[in-house]
There are 2 protein chains.
Amino acid sequence: MEGNLKQALCAWQNILGLEYVITDEASLKVSQTATFLTTQRTLAIIQPGDRAEVQQCLKIANQYQIPIYPISTGKNWGYGSSVPVQDSCVIMSLARLNGIVDYDEKLAYVTVEPGVTQRQLFEYLQSQKSNLWMSVTGSTPDSSLIGNILERGLGEGLYGDRFNYVCGLEVVLPTGECIHTGFGRFAEARAVRVNRWGVGPYVDGLFTQSNLGVVTQMTLWLTPIPKYFQLFWYAINEDTRLEDLVDSVRYLKMQGLIPSAFVINNDIRMLSYQQQYPWQEAEGEMPLPLDLRHQLRKQWGGGLWGGEAALYSASQEHGQVVCELIQKTLGKVVNKLYFLDDAIAQMPKTTLTEMFPNIDTDEMLKWYNENPKRGFPTELALSMTYWRKSSPRPSSGINPDRDGCGLLWCSPAVPFVGQHVRKAVKIIEETTNAYFFEPNIGLNCITERNINITAAIVYDRGVSGEDERALACYEDMRCRLIHAGYFPYRLSTHSMQALPPAQDDYNQFLNKLKQVLDPNNILAPGRYEFYQPDHVPFQGS
Amino acid sequence: MEGNLKQALCAWQNILGLEYVITDEASLKVSQTATFLTTQRTLAIIQPGDRAEVQQCLKIANQYQIPIYPISTGKNWGYGSSVPVQDSCVIMSLARLNGIVDYDEKLAYVTVEPGVTQRQLFEYLQSQKSNLWMSVTGSTPDSSLIGNILERGLGEGLYGDRFNYVCGLEVVLPTGECIHTGFGRFAEARAVRVNRWGVGPYVDGLFTQSNLGVVTQMTLWLTPIPKYFQLFWYAINEDTRLEDLVDSVRYLKMQGLIPSAFVINNDIRMLSYQQQYPWQEAEGEMPLPLDLRHQLRKQWGGGLWGGEAALYSASQEHGQVVCELIQKTLGKVVNKLYFLDDAIAQMPKTTLTEMFPNIDTDEMLKWYNENPKRGFPTELALSMTYWRKSSPRPSSGINPDRDGCGLLWCSPAVPFVGQHVRKAVKIIEETTNAYFFEPNIGLNCITERNINITAAIVYDRGVSGEDERALACYEDMRCRLIHAGYFPYRLSTHSMQALPPAQDDYNQFLNKLKQVLDPNNILAPGRYEFYQPDHVPFQGS
C-alpha cells in the first residue's frame, strides 16, 4: 500500500503539478476535522483543475488501488465535513472546478461546477442584474451548491426540494469514464438544460447520496423574481398547538397556497440563532433550565414553535388573496401572524414601531431585504453551532470545524401529520434532555406529504467528554426514531452503517451496482453503502 | 431453444396453472399486433397472478434462457402496443396484478399494481366518495396507470409530469430478486408512501423507459379536489401568432399561474377528435386540401391552434384573480379565450347559448362536468386514430390495434421557446405533407422550461402501402428533428436503435448496468438499449 501511495502521488503530481497534491500535516489535519469526533486519517489532498484531470486522477487511483474521497468544498458540517467515511483515503477536492458555465435568463437556469459556492452564484446573479432568484440553503455562503444538492439537501424558496429542480449532470464514473445525463449525451440536443428525464432510464438519482460517480457539472433551475413578495412569520405559545399547526400547514400546502419551503422551528433553534448559551444566568447548569428558557423566549419575543415563510405572487392582488386565505386557516392555530411586504417596509419608522412592538425594525427591514427566501445566502442558521461555546462567536466567517463547535444532525423523515411529528419530537426532546443537551429542532415542510426533521445536537468540542456524550445521544436518538418508524433522510459519515437490514434484496442490488461501476472500490468506500452479510434472497411474506 | 421453450412452458404451467400460459394462435396474433407494421413473433403469453409468481416466472426464464417481455395491459398504442422490441419473446402480462393495495385520503395517495387501469382507479375514487382527483392521460380508460408512468407519459392536472409524483416502487429484478425503493426496504418505515427519495441513491428512475426491472407496485400521489375549478379554452386564427402564444404560456407558467398541464393543439389534432377524414368532400385527395381544412375549421369553430386548460384554486376569489392575470397576458395573443366555472355552468340555457355562440351547450356542460382535467378518463383523444378509416369509428370501446388504425407517435422535446417550437413544427408539417399525411400536432406544456411535442402519424392500416409510407414518413421526420436538435422524449418499439451515438460513455455505462442486473439478457431485450460498437472511451473535447 505504501509503495502504491508513493507512486500514485507521483503520478498525480505529474498530472496536476506539485502544488495541487497536498500532503503537509497541517492541511491533512484540517481535512480530518469535522464537527464531531472522527479518527479517520487522510493520506493526501489532490486538487484537479478540470473534468479531464478528475478523470485522470481516478484512473491513477484505480491503477494504484488508492481510495479517493471526493468533496466539493468540504463544508458538509454536522454530517461529516470533509472527513472520509473510511480511514486512509485520499481526498479529491473539487474546489478548483468553480466555473459558471452557462446561464439563461429566459429559461431560468444556470450550469455550474462543484466548486461554485452559494456566494459565488449570488454575486454572479447580482452582476448580471438577473431577474432570477436562487434557492439557498441554511449552510454557509461558502458551501458548494452541487455538494448540497447531491446530499439531497433542503433549500429556501419555491425550489426547496433542490434535487427536484436540477438536470443535465456531467458525471465522471469511478473508473474514469464520463457520462452526461438526460439529453446531454447528444452533442446537438437542445433540451439538455430544460428537460430532466431525457430518453431511456433516468439515472441522475444514482449519483445522489452515493459513491457511484463524481459530478463535475449540473444545471440548476432558478425562479423568476416575483411581481409581489411577502414575508410572513408566525409563532405558537402553547406546545399543545403543534399538531394543529402541522395539519394546517399540510392543508395549505395541499391547496397550493404555500408551494415554497416552510419551516417550523422550536424555541431553542430560534434562540440559538440569536444568542449563545446564557452560561451566567444558567449558573453552569445544563440543559437550559426551563424557567430560563421561558424567560429568554419571552425576552426575545419568539414562541415555543414558529418560523417565517415567503409568498411569491404574480401580482399584489394575487398575493393579497393568498395572504387572506392563509390568515384564515393559520390564524386559528397560531398566536402570532405578521405579514410584511414592500408597502409596509416603506412606511415611516414610527408607524413600523407601532405595528411591530418589541421588534428592532431596522433589523427587521434589513432581514426583509436580504432574506434567504430572496436568494441571499447568510451565515445566520449555522451561527447556532456556537451556542454552547464560551468564547464569543465570530461576527462573520464562521467555521465550526476550525472553532471546535460540536454539531451532529439527526434527520428523520416523517409523514406530514401532526401526530407523527409529535411522536418524533417527543423522542428528540427526551433524548437530548437525558444527555444534557437542548432539543434544537426544525420541521422542514418542503413538500406536501413529508416533513424532514432536522434535530441538531449542538455542543462544545472543547469540553472534555462532550464528544462522547454527543455521539451517545445521537446513537440513542437515532435508534429510538428508527424503532418508531422515522428513518433518516440523510446520513452523516459516521452513521453509514446505522440502518437496520433491508427486508428485501435492496442492499445486494446496490452492491451489484457498486461492483460493476467501481470494481476496485476506489470511490468513497463505505459512503451510503449498506452491508448485509449472510443474505437470503427475498421471497416476500 | 425449442427444447428450452417447451421446458420453460411446462415450468410456468406448473407455477401458474394451464390457463395462464397461453399459446393459442389467435391470442398470439393479437399480442403481435400494433398500430403500425411489426414482424416480431411472440412465443407465448404468461399471466402471473401476484408478485411471487412474477419472481418465479423470471427465474424460470433465466433457467431456460427465454426472453420475457413484460406488459401491464399492453395498450402502449402508437409506441408499439404489446409487441416486444425483439423477435421470439414470451410476453408476461401483468393484468392480473390489479390490486389497489393502499389508499390515504389525508395524505392523498393510492398504491396500485400494474394491472390497475385508469377506469378502475377512477371508479374506486368514486366509490370512496374521495376528495381527491387523479391525473389521467389521453390514452384509453382501460390502459394501465403504472405502464404509462414507467414510459414517463404525460397526464392532465397538476401532476401532469406523472413520474414526478410517484414513489415507493416494488420492483422484481430480471433475475427474480425483489427490491423496494425509497424507504420501502425497511418494513417499519412510516414515510414510504410520502417521501420520494428515501436514504441512499435514488433508483426509481432506473425502472422508467428501461428493461432493468418489472414494477409490481407503485404509490401515486393524488390532488385534492379544488375549492374552485375553472376550465378555459383559447384559440388563435393566424399561424404567425404561435410563437407569441408559446412565449406567453411560458411566462404564465414561470409566474406560477398555470401550474397544471397545458396543451396547444393544431387544427388537425382538434378536428380529428371531432370527426373522421372527410373522404367525400376531399374527393379522395390526400393530404386534406387546405381550403377544405379551412372550411372544416370554420364550421367546427376551432382555430389554427388552440386548446383547453384548467385552473385549480383555493377559493373563488383566488381563482378569479388568476383568471384575470391570465386574461391580461393571454388575451393579447389569442383570438378567443373563454372561461367556464360552476356559476356559469348553472346559468339558464338561453343565457349560455348567447354567451357561447355556435357551441352545443349541452355537449359543453357534459364535457365541463366529466373532464379529464377533473380526473375523468375518456376515449376522446385516441378516437382520433380512426381519422383516416373509411368505416365509422365505434361509439365506445375503441381499439386501434384491433381495428387496423395506423398510429405512430413522433415525440420531440424542445425548449419552451416560440422559435424552437416553430422550427420543430415546420419539420413536422413539411414531412407529413411530403408523405400525404396531415400534421397532427399537440404541444404539451407540462413543465416550465420544456415542451414535449406529440406528432401523430394517423393512417388506415387497411390500405395497401400505407404501413410502409407511414414508417418512411416517421423515419424522415425523426431524422430531421434530431438533426435540428429535437430529440425524442419517448421511443416506440420499432425505433429503439434510432438515436445517434452518444458523445460520451453513456451507452457503455447503461450496458454495464444491464449486464450486471440481467446477465442472461432475459428482460425485454433491446428495449431502451442504445448500442454503440467500437467504443473509444470519452475524454472530452
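**Entry 1: the cis prolines**

I started at P287(B), which sits in the loop between α8 (279-282) and α9 (290-300) of chain B. I take helices (H or I, at least four residues) and strands (E, at least two) as DSSP runs, numbered from the N terminus. The bond joining M286(B) and P287(B) is a cis peptide bond, with omega about -5°. I then looked at chain A: P287(A) lies in the loop between α8 (279-282) and α9 (290-300), and the peptide bond from M286(A) to P287(A) is cis, with omega near -5°.

Note on what I'm looking at: this is a predicted model, where local features need pLDDT of at least 70, side-chain atom pairs count only at pLDDT 80 or more, and totals for chains, interfaces and linings use all residues. Residues are numbered from 1 along each chain as its sequence is written, chains are lettered from A and ligands numbered from 1 in the order in which they are written, and side-chain values use heavy atoms, with hydrogens and water left out.

**Entry 2: positive phi**

S88(A) is not a glycine, yet I read a positive phi of about 65°. I found S88(A) in the loop between β3 (68-71) and β4 (89-93) of chain A. N521(B), also not a glycine, has a positive phi of about 50°, and its place is the segment after α18 of chain B.

Buried or exposed? I use under 20% relative accessible area for buried, over 50% for exposed and partly exposed in between (1.4 Å probe, protein chains only). S88(A) is partly exposed at 25%, and N521(B) is partly exposed at 37%.

**Entry 3: P400(B)**

P400(B) is in helix α15 (residues 400-403) of chain B. Its relative accessibility is 0%, so I count P400(B) as buried. What does P400(B) touch, leaving out residues up to four places away in sequence? I listed T35(B), W77(B), T385(B), Y386(B) and C405(B); contact means heavy atoms within 4.5 Å. I also checked T33(B): T33(B) and P400(B) are 367 residues apart in sequence but 9.8 Å apart in space, C-alpha to C-alpha.

**Entry 4: helix α18 of chain B**

Helix α18 (residues 506-517) of chain B has 12 residues and should span 16 Å at 1.5 Å a residue; the expected span is 1.5 Å times one less than the number of residues. I got 17 Å between its end C-alpha atoms, which agrees. Among the buried residues of α18(B) are Y506(B), F509(B), L513(B) and L517(B). What covers the buried residues of α18(B)? The cover includes β9 (178-180) and α18 (506-517) of chain A.

**Entry 5: the two copies**

I laid chain A on chain B: a turn of 180° and a shift of 0.0 Å along the axis give an RMSD of 0.0 Å. That is the relation of a two-fold axis. The same surface serves both copies, as 100% of the contact residues of chain A recur in chain B. The superposition is by least squares on the C-alpha atoms of residues with pLDDT of at least 70 in both.

**Entry 6: chain A overall**

Chain A has 18 helices and 19 strands. I noted that buried residues make up 65% of its 541 residues. The C-alpha trace of chain A spans about 70 × 55 × 55 Å along its principal axes. Of the contacts in chain A between residues at least 6 apart in sequence, 73% join residues at least 24 apart.
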